[in-house]
Amino acid sequence: MRKLLFCLGTALLLFSSCTEDRAIEAEQIIVDPSSQLVYYWNFNALPTGPLTAIAPDFPSVTTAKIEFLGTSAGIIESDTDGYTINARNGDAALNLLKARNPSNNKSLVFTLPTTGYKKIILQFATARSPNNGATTQNYSYTTDGTNYIQTGLTKITHNTTADLPDLIALDFTEIPAVNNNPNFKFKIDFDGATISGTSGNNRFDNVTLEGVPN
């Protein structure tokens with residue numbers, strides 16, 4: 001009996017050690033087959049240097065955008081070595097978006113009007129730099145354009161992995177107030193011991209919002 005317990009304990013220890021060294025994708029959400037791609041950022045055409053409001057790569061004309069808002073000195077900028085996770089249309093893994101520290105008083109804000117759509121799902125790939133990148137992302141949304149809440153979200157936080165991207169899938173399909181809403185926005189706040197430093201970043205690629213036409 002002791003020998004059996006020892007073997008089981010050893011197996012569990014080995015399994016734990018293996019999983020700690022690799023990124024594990026978030027559970028994928030089943031998208032309604034009648035859903036359409038509403039917005040898509042692959043960041044492949046981003047210019048170099050600090051960025052302000054980033055329009056999606058699809059569609060070409062929209063009020064949707066990504067901004068890094070707040071009072072800290074952190075910036076958003078493009079970088080190479082993008083990801084294939086959640087890429088669409090066979091897009092190559094070229095550029096990605098970096099949110100650089102200090103990020104302690106800044107938020108990555110996604111303006112995502114859902115006018116004409118329901119059963120909304122938001123997905124993106126994310127990771128952090130190995131040294132000093134924010135270790136936690138906290139998620140919230142607003143339906144009035146001002147007040148952010150987490151009500152109804154099954155995932156409200158994520159512990160980022162160094163260099164290895166995870167897929168974040170956020171399901172708003174059971175939150176009726178998000179449907180057909182011109183004021184819908186999504187926000188990421190950063191946390192961890194390093195967020196007030198002057199180095200380190202969180203990385204994002206292949207942001208998609210999908211919905212079923214009303």
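Q123 sits in strand β6. The model is predicted.

Me: Is Q123 buried or exposed?
Reply: Buried means under 20% relative accessible area. Q123 has a relative accessible area of 5%, so Q123 counts as buried.

Me: With which side chain does the side chain of Q123 make a polar contact?
Reply: Beyond four places away in sequence, Q123 touches residues including N86, R88, N206, T208 and E210. A polar contact joins N or O atoms within 3.5 Å. At 3.4 Å, the side chain of Q123 makes one with the side chain of E210.

Me: Which residue in β9 is the bridge partner of L122?
Reply: Strands β6 and β9 run antiparallel, joined by six bridges. Strand β9 covers residues 166-171, and five of its six residues are buried. There, L122 has as its bridge partner L170.

Me: Which residues have the most contacts inside the largest nonpolar core?
Reply: F172 touches I120, L122, Y141, L153, V178, F184 and F186, leaving aside residues up to four places away in sequence. Inside the core, the most contacts belong to F172 and F186.

Me: How many residues are in the other core, the one with Y83 and I85?
Reply: This core lies apart from the largest one. A127 and L167 are also among its members. Its residue count is six.

Conventions. Residues are numbered from 1 along each chain as its sequence is written. This is a predicted model: local features need pLDDT of at least 70, side-chain atom pairs count only at pLDDT 80 or more; totals for chains, interfaces and linings use all residues. Side-chain values use heavy atoms; hydrogens and water are left out. A nonpolar core is a set of buried Ala, Val, Leu, Ile, Met, Phe, Trp, Tyr and Cys residues joined through side-chain atoms within 4.5 Å. Buried means under 20% relative accessible area, exposed over 50%, partly exposed in between (1.4 Å probe, protein chains only). Contact means heavy atoms within 4.5 Å. Helices (H or I, at least four residues) and strands (E, at least two) are DSSP runs, numbered from the N terminus. Two strands pair if DSSP finds at least two bridges between them. A polar contact is a pair of N or O atoms within 3.5 Å; within protein, one must be able to donate a hydrogen and the other to accept it, and residues adjacent in sequence count only if both atoms are side-chain atoms.
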